[in-house]
Amino acid sequence: MEAPAETLADDVVVLRRWKPEQLETLAAVAGDSAAHLGAWMIWATDGYGRQEAIEFLEHTAKNWVDGKTYDFAIFADGEVVGGTGMITHPDRIEIGYWLSRHHTGRGLVTRAARLLADEAFRLGAPEVEIRHDENNVASGAVPARLGFTVTGDEAAAPPLAPACSGVNRIWRLKRP
């Protein structure tokens with residue numbers, strides 16, 4: 001599969017591939033929201049700082065080249081408000097996302113997920129998947145708004161973030 005476009009946009013959000021020069025911005029945005037994010041995402045449970053941002057940016061650059069994951073900064077009103085990405089699987093593309101505590105409730109992640117789903121289908125993926133902890137109602141609202149269907153639940157692999165139940169809800173959307 002070819003790599004996705006490095007920039008995707010609608011009239012509200014812009015997704016841009018994470019770049020090394022965004023180190024300080026990533027550390028600041030994720031760090032400021034670590035308590036908010038850490039409830040659901042193990043990578044933010046113990047905070048998020050410059051070292052975590054360095055490691056993420058190195059990891060995502062390698063994975064982009066290797067075709068494993070494609071990670072993007074989410075921009076709204078010209079500023080980074082979160083992150084999203086595509087994980088490649090042989091039979092589907094999985095989408096993940098996070099949003100800064102200051103930007104929730106505005107539909108930004110729903111727009112970002114729509115852009116990624118459209119790009120995944122353009123690239124030939126037969127279906128797109130979103131997984132979230134069953135207790136994370138806000139994350140579950142995204143695939144529901146986009147017409148995904150719940151296909152089941154599965155046990156989450158430890159370690160788990162503090163608010164997680166240990167059960168992942170799986171949503172899928174087939175290529176139109």
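Predicted model: local features only at pLDDT ≥ 70, side-chain atom pairs only at ≥ 80, totals over all residues.

**Exercise 1. Where is Ala34 found, and is Ala34 buried or exposed?**

Step 1: Find the element. Ala34 belongs to helix H2, which covers residues 34-38.

Step 2: Apply the cut-off. Buried means under 20% relative accessible area. Ala34 has 7% relative accessibility, so it counts as buried.

Step 3: Look at its surroundings. Apart from neighbours within four places in sequence, Ala34 touches Ala44, Gly47 and Tyr48.

Step 4: Look further along the chain. Thr151 is 117 residues apart from Ala34 in sequence, and 30 Å separates their C-alpha atoms.

**Exercise 2. Work out how helices H1 and H3 are arranged.**

Step 1: Locate the pair. H1 spans residues 23-32, and H3 spans residues 50-66.

Step 2: Read the geometry. Their axes come within 9 Å and cross at roughly 120°. Angles of 65 to 115 degrees count as roughly perpendicular and those over 145 as roughly antiparallel, so H1 is oblique to H3. The crossing is right-handed.

Step 3: List the residues in contact. H1 contributes Leu23, Glu24, Leu26 and Ala27, while H3 contributes Arg50, Ala53, Ile54, Phe56 and Leu57.

Step 4: Sort them. Seven are nonpolar, two are charged and none is polar.

**Exercise 3. Describe the span that UniProt annotates at residues 13-176.**

Step 1: Read the record. An unreviewed UniProt entry gives "domain: N-acetyltransferase" for residues 13-176.

Step 2: Turn to the model. This span is 34% helix and 33% strand, and its end C-alpha atoms are 23 Å apart.

How values were computed:
Residues numbered from 1 in each chain as written. Heavy atoms only, no water. Helix = DSSP H or I, 4+ residues; strand = E, 2+ residues; numbered from the N terminus. Buried < 20%, exposed > 50% of the residue type's maximum accessible area, 1.4 Å probe, protein only. Contact = heavy atoms within 4.5 Å. UniProt positions renumbered as here; feature names shortened; annotations may be inferred. Axes fitted to C-alpha atoms, helices over the stretch in contact; angles between N-to-C directions. Parallel < 35°, antiparallel > 145°, perpendicular 65-115°, else oblique. Left-handed = near helix turned anticlockwise from the far one by under 90°. Nonpolar A, V, L, I, M, F, W, Y, C, P; charged D, E, K, R; others polar.
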